Structures are given as C-alpha cells and as structure tokens.
Amino acid sequence: MQNFVAWFKSHSGFLDDASLDVVDFPSHGRGAIALKDISENHTLFTLPRSLTLSTRTSTLPSILGADTWERFKLGQGWVGLILCMMWEEARGSASKWSEYLESLPTSFDTPMFWGAEDLEELRGTAVVDKIGREDAERDYHEKLLPAIESRPDLFPPDSVAQYYSLERYHIMGSRILSRSFQVERWDRQGDDHDESEANTSAMDVDSAEFPDKGEDAHTEEGEESDDEEVDDPSDVAMVPMADLLNARYGSENAKLFYEETELRMVSTKPIKAGEQIWNTYGDPPNSELLRRYGHVDLVSLPQGGEGNLADIVELRADLVVSVVTGHAPSTGLANTQERIDWWLEEGGDDVFVLETDLAVPETLTSLVRLLLLSDADWKKARDKQKPPRAKLDSQVLSLLLQVLGRRLNEYPTSTEVDEQLLRGGNLTLNKRHAVIVRLGEKTILTGVLEKLREVEQSLLVAEKDKVKRPAASGETGGETRRSKKAKR
Ligand SMILES: C[S@@+](CC[C@H](N)C(=O)[O-])C[C@H]1O[C@@H](n2cnc3c(N)ncnc32)[C@H](O)[C@@H]1O
C-alpha cells in the first residue's frame with residue numbers, strides 16, 4: 001500500500017493524509033478511515049485526469065491506430081479498456097500505472113468465479129441471468145485475441161499466456177466492474193460550473209435504472225445494452241485512490257467530483273475521527289452488489305432485523321402470461337400472442353420489479369387484466385391504445401397470488417430453511433451471500449403475498465357486506481329491503 005500511495009503522490013496526486021488513512025477493514029478489504037473529525041466539503045484527495053486509466057489516457061489506442069481499433073471493435077463496451085490494462089500491465093515498470101495495477105486485486109468473490117454448486121444456490125435470484133460469462137468470453141475470442149494476434153510486435157506471442165489469457169481478461173473485466181468510474185470529457189460549456197459530479201460506472205452511473213428495470217446496464221466486459229448505445233465507452237476509467245473507498249447502503253459521506261483538469265474526492269457530510277469514509281455505489285439491491293462487487297449489504301431495517309432496503313424481486317412477464325393463460329382458459333384468451341406483442345410494442349414491461357415497499361406494480365395488474373379481456377374489450381383497448389386500468393378484483397387477485405406462489409417456488413429452498421442456514425453460521429462465504437440474496441428476495445415476495453391476501457380478505461368482506469348491508473341499513477331499495485319491510 002505504501003508503494004501505491006508514494007506512486008500516487010509522485011504522479012501529482014494530492015492526499016490529505018493528516019485527515020485520512022488507507023487501512024484494511026475486516027471483511028471489507030481496504031478502505032479509508034478518518035484520522036480526525038472532517039467537516040463537510042473537505043477535499044480528501046485529488047488527482048489529475050491524466051492519472052486515470054482509460055482508453056483516452058493509455059497510449060495503446062494511438063499506437064494501434066484508429067483503423068485497427070475499429071476493425072477489431074475495440075471501441076465497443078469494455079474490451080478496449082481491458083486490452084489497455086493488459087498491455088499496461090505487460091509493460092511492467094515502463095507503464096505509468098505499474099504500481100497502481102500491482103495494487104489491484106486478482107481474485108474476486110463475484111459469481112463470475114463461482115462453481116456450479118455455489119451458483120445453484122442463486123437459482124431464482126436476479127443474479128443468475130446477468131453473470132454474462134459466455135458473452136464476455138465471446139468478446140475475448142472474437143475481438144481481443146484477433147487484435148493481439150494481428151500485432152505480434154506489440155503483443156509478443158510468448159507473453160500471451162502471462163498477460164493476455166482468458167483468466168487475465170476476466171480479472172481485468174472484474175476490476176472494471178467493481179472499480180471503474182464514468183469520467184466524461186470536460187464540457188467547455190459547463191465552465192461556468194466549478195465542478196460536476198463524477199458518475200461512477202462501477203458505482204452509481206446505472207443505479208438509477210434499478211427500480212424500474214430488471215436488465216443490466218453494464219454487463220461485464222461490454223456486452224451491448226441500451227445504456228451502452230448512449231454511453232461512451234471511452235468515458236469508463238479506472239481512478240486510482242477513488243476506487244479504494246468502500247460503500248454501504250445509505251452511508252455515503254464522500255463523493256467524487258470532476259473539474260477541468262482534475263478529479264476531487266470531497267466529504268459530503270461531517271465525518272468523525274475513526275469513522276470509515278464511504279463512497280456510494282448507488283445503493284443497489286444485494287443481487288446486484290453480489291454480481292458486481294462480491295459482497296452484500298446488511299443494515300438494520302426499520303421493521304427490525306437486517307437486510308438491504310434496496311432489494312428487489314424481478315418477475316418475468318412470461319411467468320405472468322403462463323399462469324394467466326394456464327388457469328383461466330375459459331375466459332376466452334384468444335389472440336394471447338397478439339396481446340403480448342401489442343403490450344411490448346406499447347412499451348409495457350417484460351419484467352416487473354417488486355420492491356421492499358411491497359407495492360404491486362400497476363403495470364403487472366394491467367397486464368393480467370389485458371390477458372383476461374374479452375375479445376371485444378381487447379380490440380377496444382388496442383384501438384384506443386389504452387391498456388386496462390390496474391384494478392384489483394377477486395379474479396385478478398387470485399391470479400396474482402398464483403404468480404407470486406410460482407415465483408417463490410423458483411428458489412431452491414424455503415424461507416425457513418434459509419433462516420436456519422444463516423443461524424447455523426457455518427456457511428462458506430459464497431453460500432452465505434447466496435442465502436442472503438435469495439432470502440431478501442423471498443421476504444419481499446412473501447410480504448407482497450401477505451398484502452394481497454389481506455386485500456383478498458377485505459374484498460370478500462366487502463362482497464358479503466354488499467349482500468348484507470341493504471337489509472341491515474335499509475339504505476338501498478330492491479328486493480331485500482322490500483322483503484324486510486314486508487316482514488315488519
Ligand atoms: C471500489 S472497491 C473498494 C476497495 C476495496 N475494498 C479494496 O480492497 O480494494 C470495491 C470492493 O470493495 C469491497 N467492498 C466495498 N464495500 C463493501 C462492503 N460494504 N462490505 C464488504 N465489502 C465491500 C468489495 O470487495 C468490492 O468489490
């Protein structure tokens with residue numbers, strides 16, 4: 001660590017080492033601790049933009065040339081940055097980032113590196129479909145290796161096993177996944193503002209997306225996604241020192257800001273001596289924390305116990321379709337596929353997200369109702385381009401309860417078993433993480449199920465009341481009232 005700090009300072013990095021120190025935290029790895037009380041808005045460290053490592057600052061892209069860069073599609077996703085990091089590492093002390101690269105981890109607790117047995121523990125969770133190992137490996141074989149083989153002068157064949165192997169590729173990809181920032185070019189028009197917030201690609205650039213989507217904004221090693229069509233991959237940068245800060249749900253007390261020539265880490269709250277200095281990774285759910293960073297957050301919950309308030313459950317629309325069409329064929333579910341296609345064309349969700357507030361997404365109820373519409377009503381909805389209102393009646397409720405029940409059965413264990421496993425305390429780290437992720441999801445699902453059962457009960461009571469009330473209150477006309485009157 002001393003080497004790294006000395007390197008940082010010798011490359012024009014400023015560190016207020018009277019206020020903070022870099023230390024090892026049990027189970028968090030390295031992080032920063034306040035050595036004395038720090039006030040809000042205090043500069044903790046700064047570094048020149050030129051000390052960040054990206055496809056803009058490494059000289060490899062210009063040495064390779066724009067044609068080669070384009071021919072091997074190195075400008076798409078993270079593959080170009082991975083190649084730069086590999087090349088800089090292979091250069092040893094000739095690289096400006098040699099001490100920095102040496103300080104980065106080579107092993108990770110992320111599911112990317114788990115065996116089949118541990119991965120099975122994640123069945124049912126939002127992690128499984130997003131690990132992206134195959135896509136990453138396709139990029140390695142189809143882009144990176146051909147680029148390397150085209151320039152043996154730059155990438156000597158006898159150095160491939162040591163610096164350019166698939167294993168090194170995954171290591172560099174995981175370093176980016178857990179540590180990179182989104183550092184945009186300085187916008188001249190923004191000169192009036194002294195500083196802009198530096199988004200973090202590993203940390204919070206895509207966190208705003210979590211609540212309403214189940215897909216990934218940055219799958220590892222640059223698989224294409226909607227966001228990446230917009231984001232510029234050359235903005236993705238490794239930021240020495242800034243990537244040493246840990247994060248915990250709701251604990252942020254420091255943030256990175258960028259200026260024209262440098263990046264600045266600033267305290268966003270007063271920090272007491274002895275406290276950890278926390279950045280934010282955007283407070284993602286545990287499934288996403290585990291996938292990107294290899295850890296989970298457990299903080300005290302307002303209702304008691306521990307968990308992550310940002311947890312979510314992803315519910316695929318195809319499960320909803322399968323339950324509704326499988327259980328209510330008599331309601332005339334004609335042209336189901338046509339309805340689904342229309343739903344998607346209109347921008348309807350194909351994954352619904354349940355959150356810890358236990359609200360049922362209106363779009364989920366609307367889809368169920370769309371599938372239940374009579375043929376004539378479906379045509380009306382389509383012509384008016386208006387999906388059905390999210391009204392919960394007993395039929396919709398019963399179907400939603402079945403959907404959630406089926407979703408709950410996708411996990412390999414019950415809630416009770418998971419609770420016992422955690423109490424037992426003799427789980428490996430991977431298994432413990434998997435159990436925490438799936439238990440968090442199951443807690444949401446069972447909470448929503450309970451809530452819907454309550455609604456179902458109150459609907460039943462209201463139905464009964466409706467039948468009884470005219471007789472009891474005498475408010476309504478009709479047969480009941482008349483017959484009551486007649487009895488008097
Ligand atoms: C940006 S780096 C922070 C520096 C890192 N601790 C190190 O030693 O290099 C992110 C990594 O730190 C660890 N980390 C960060 N916050 C954590 C937390 N709240 N609990 C456990 N590990 C954490 C995870 O391993 C994560 O992948």
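Confidence comes first: the chain's mean pLDDT (the predictor's confidence in each residue, from 0 to 100) is 87, and 85% of the residues score at least 70. Residues 202–229 fall below 50, yet this stretch still has 75 contacts in the model beyond near neighbours in sequence; a contact here is a pair of residues whose C-beta atoms, placed from the backbone, lie within 7 Å. Residues 472–488 also stay under 50, with ten contacts beyond four places in sequence. Where pLDDT is low, the predicted coordinates should not be read in detail. For the complex, the predictor gives an ipTM of 1.00 and a pTM of 0.88.

This is a predicted model, in which local features need pLDDT of at least 70 and side-chain atom pairs count only at pLDDT 80 or more, while totals for chains, interfaces and linings use all residues. Residues are numbered from 1 along each chain as its sequence is written.

On to the ligand. Its shell holds 18 residues, the closest being Gly29, Arg30, Asn246, Tyr293 and His295 (near means a C-beta atom, placed from the backbone, within 6 Å). Two or more residues each come from β3 (29–34), α9 (166–179) and β8 (246–247), with β3 giving the largest share, three residues. Helices (H or I, at least four residues) and strands (E, at least two) are DSSP runs, numbered from the N terminus.

Strands β3 and β8 also belong to an open four-stranded sheet with mixed pairing, ordered β2-β3-β11-β8; strands pair if DSSP finds at least two bridges between them. β2 (20–25) and β8 are the edge strands. β8 runs parallel to β11 (residues 276–279) over two bridges, and asparagine 246 has tryptophan 278 of β11 as its bridge partner.

Methods: Two residues are in contact if their C-beta atoms, placed from the backbone, lie within 7 Å.
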